[in-house]
Every structure is written in structure tokens, then in C-alpha cells.
Amino acid sequence: MAMVAIVVAVMVVMIRVVYNTVWFYWLNPRRIRKIMDQQGVRGPKPRLLLGNILDMAALIEKSTSNDMNSINHDVVSRLLPHYSAWSKQYGKRFIYWNGIEPRMCLTETDLIKELLSKYSNISGKSWQQQQGSKHFIGRGLLMANGRDWYHQRHIIAPAFMGDKLKSYAGYMVECTKKMLQTLEKEVDSGRTEFEIGEYMTRLTADIISRTEFDSSYEKGKQIFHLLTVLQHLCAQASRRLCLPGSRFLPNKYNREIKSLKSEVERLLMEIIQSRKDCVEIGRSSSYGNDLLGMLLNEMQKQKRGNMGFSLNLQLIMDECKTFFFAGHETTALLLTWTVMLLASNPTWQDRIRAEVKEVCKGQHPTVDHLPKLTLLNMVINESLRLYPPASVLPRMAFEDIKLGDLLIPKGLSIWIPVLAIHHSEELWGKDVNEFNPERFASKSYIPGRFIPFASGPRNCIGQGFAIMEAKTILAMLISKFSFTISDTYRHAPVVVLTIKPKYGVQVCLRPLN
């Protein structure tokens, strides 16, 4: 009798697994496709399990196979060739398939604003996105949903607000001074050409290490290196999640990515354990007031009380990975692209230099100076418009949503092509692909057309930090050097989760004094 009960229980479990698999990989995608088809939203025909992944890969391989002939900012057809092709064929709204995940492209700014503000609590990151970044940044703030996201945001937000944010200014200046001294020494030794992206990456890594983890780039450089390798591997993840159970296979890709994840977490645990040891041996009464300290203090507080949200060491490591990566990569790219734009637009470079001189009067920039650097702010915004760190902004509907005249069924991912919106002639005018910071001189703007940091409750928590950091670094750099684009620079933007210069940005530096 007991054996029969066990057999029945096993069969029930197996039937449930089979049904869930069939629903997830076949029935639900067909249901969503039918609902959208009835509303006139169509797209390219998907292949079984693979969807349109092969089509997208072929289009991207073709569009990025050659470098651009000149510094030309008309990059949508290069970086989002599938968007360019399918929007022409199917219209502004179309649906395509990333494996088994249906994605609807949305470019209408009023609907984007409604989605990001009104429905932020019932939309978020999809299973495919979470699985794809599981070994990279885990379930940190960037990949959290629902109540988990709310609690994480509540814990982390104080590290990027008000007086706490202003307190980072000194660190930013000191780290930048160190970088400028390095550049000056190399110029004095006779070097003139620099790949500025390398310096910006190291600088922003040093700043995030010091401000949020009381560490330094030297201590964390192995973590940064491993996260960069993981980023490239995770960029391939979606095509590897199409086959049911593929993430459990002991293949080379899965073994490599898990090994890298383990090494990153081992290094992070050394930093965390060092902080915990200081408290346990009585050297310190708290874990500190930086981001890592706030997370550890919150975990300790939860141990004393019964709280619904559980913050454990794994989640703390995921938050560390998220901010080690997002806290330096996106700002480094913003700085690199901005230097490229200023190096190829000397008139604007001179205007910014004159503004910095007038506002800062030969001093290092302070938090009081930064709001007065209006021209610099316009240049940074134009850089973010032309080369936003993320080319797309994804949100999956966790419930049925009424968005304008559309019914968005549960399980449909909405993909907002930020790059295409930022380069829309309809929204920005005939000079959309030209570098023209003057377009940001006016405070009036169309909601939803400029979204480098997203918008609504789930906007980028570190945008204030990033802009403050970018202004500080650029103001100090432009006060010390004039720079021009090197003849060796090859303009070839590519997407590896973020928009990057394929070969870096080579500039020629000339000291002003």
C-alpha cells in the first residue's frame, strides 16, 4: 500500500513537471501570440524553441561586421538592426521571440510613461533575464521584482541620497586627481595618445570601491576583471536557455560561468568577512555607513526581529556584484563616449572649459559648483542621448495590463528600444543624429523621449551618483588637458549588454599648463 502511494505521488509530480514544461515552452507562448495577433500586433514568424534568436544574431553579425567609415552617430541600424528591419515591416508595435519569450517592441512615449509609472509594481524582470544574469549579478536590486525589489530599494536608497551622496564628492576629487597625475607623468615622458576608456574604467572602479565598499580598485581589480568576463558570457545566455534543462547540462559554458561566479563570491566573502571580524572582535561597533555596511547592519537587525523580507549573505553578495558592476561600468562608458564627442567637437570643448574656469575659479569642483555647470550638463545629456549605456529597457507583465488601447497579457515582455527612441527624428528633429547639446538648453521636453536612466519608481537608483561623478571628472580633466581624436580611432559601437566602443577611444592629450 505504501509503495502504491509513493508511485502515485511520483507520477503526480512527473505529470505536473511535464504540464508546467509544456505550458511554459508551448501553450503560454501560443496564447500570448494569439491575443496580440487579435489586436493587430504581429511580427516575424518564430522557430520552435529558438524564436527569432538566429534571425537577430544574423542581422547583428552583418550590421557590426565592419567599422563605421567616420564618426557618425546614426547607429540604430547598426546596434538594433532587428528593430530597424521589423519596425519597417510590421509597424511601431511588433512582437518578436527571444527563444520562448515573447517581446513586444514599444516606442510610443505616452504608453512608455504609463507603463513605467503606473504599472511598476506588476511588471519587472522576466525569468529569462533573471536566469541569464543569475551567475553574474544574481537577484540583486537590478534583477529583483515585487516586494523583494521594494525592500532592497528601501535598504539601499539612503546610500545614494542627500548628504550621503554629497559626502562622496571628496573621494571623487581625490581619485580623479590621482588619475590626472598619472596622465601628466605619461605625457611628460613623451606619450601623447591614450585609450581613455581604460583610464575611465579604472577611475570609476576606484570611486565605487572607496565610496560604497571602503576598499580600492587595487583590492577589487580581480573582482572587476572576473565580472567583465562574466558579462561577456552572460550576453550569450538567452540563446542557451531555449532548450529545457539546458542550464543544468555539465557543458563547458555552464562549468566556466559557475567557476567564475564561485571565484567572485569567494573574493567578496573576504571583504565581507573582514568587515564582520572588525565588529566581532570589538574593533568597531557597527559595520560602517557605506553600502556594504548598510547591508550588513540590516542583516544583523533582521536577526533580532522577525521580518518578512530575508536579507542573507548570498543576497548581500548579489548586491555587491550589482553595484561593483553597475556602479562603474555605466559611468565609465558615459565618460568615454563624452570624451570622444568633445574630442571631435573642439568648439564645445572650449565652451565647457571656459564654463568650468568661470564657475570653479581654478579650484577643484565642489557640490556647490556642479549645479552651475549647465553647459557641461547639456553635453552629458547629449552623450546619454546618442550613446545610452543600455540600448533597451525591458519589463515583463506579471498580470494582464491595459496600456492605452492595448491589452498586455500576463507573461508578455515589453521591450523599450531606448537607443531608437533617442534617435527618433519624429521626437528630436532633423538633426537627431548630430551632436547638438543645445537641444537640452530648454527645460521643456516630451515625457518618455529621454530615458537613459529609465523613469518611474524603478528608475536607476544611482543616477544622481553617476551624474555627480561624471561632472566632477570631466570638469577636472578639461581643466588640465585639451584633447583631440587620434587618427588611430576606429568608430565601431557594439552592444555587450551595454553600448561600448569596440576598440576603445584613442585621444591625443595636450597639457594646458
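Predicted model: local features only at pLDDT ≥ 70, side-chain atom pairs only at ≥ 80, totals over all residues.

Q: Why is Cys 460 called partly exposed?
A: Buried means under 20% relative accessible area and exposed means over 50%, with partly exposed in between (1.4 Å probe, protein chains only). Cys 460 comes out at 33%, so it counts as partly exposed.

Q: Where is Cys 460, and what does UniProt list it for?
A: Cys 460 sits in the loop between helix H19 (425-428) and helix H20 (463-480). Helices here are DSSP runs of H or I with at least four residues, strands are E runs with at least two, and both are numbered from the N terminus. An unreviewed UniProt entry lists Cys 460 under "binding site"; such annotations may be inferred rather than shown by experiment.

Q: What makes Gly 40 partly exposed?
A: Gly 40 has 40% relative accessibility, so it gets that label. You'll find Gly 40 in the loop between H1 and H2. Its C-alpha atom is 9.9 Å from that of Leu 406, 366 residues apart along the chain.

Q: How do you know that both faces of strand E8 are covered?
A: In a regular strand the side chains alternate between the two faces of the sheet. For E8 (residues 413-416), Ser 413 and Trp 415 lie on one side, Ile 414 and Ile 416 on the other, and all are buried.

Q: What makes E2 and E5 pairing partners of E8?
A: Two strands pair if DSSP finds at least two bridges between them. Strand E2 (residues 101-105) runs parallel to E8 and has three bridges to it, so that pair qualifies. Strand E5 (residues 393-397) is antiparallel to E8 with four bridges, so that pair qualifies too. Within E8, Ser 413 is the bridge partner of Arg 103, while Trp 415 stands opposite Pro 394.

Q: Which residues of helix H4 are buried, and what covers them?
A: In H4 (residues 81-90), the buried residues include Trp 86 and Tyr 83. Their cover includes helix H2 (53-63), strand E1 (94-98) and helix H18 (418-422).

Terms used
Residues numbered from 1 in each chain as written. Heavy atoms only, no water. Contact = heavy atoms within 4.5 Å.
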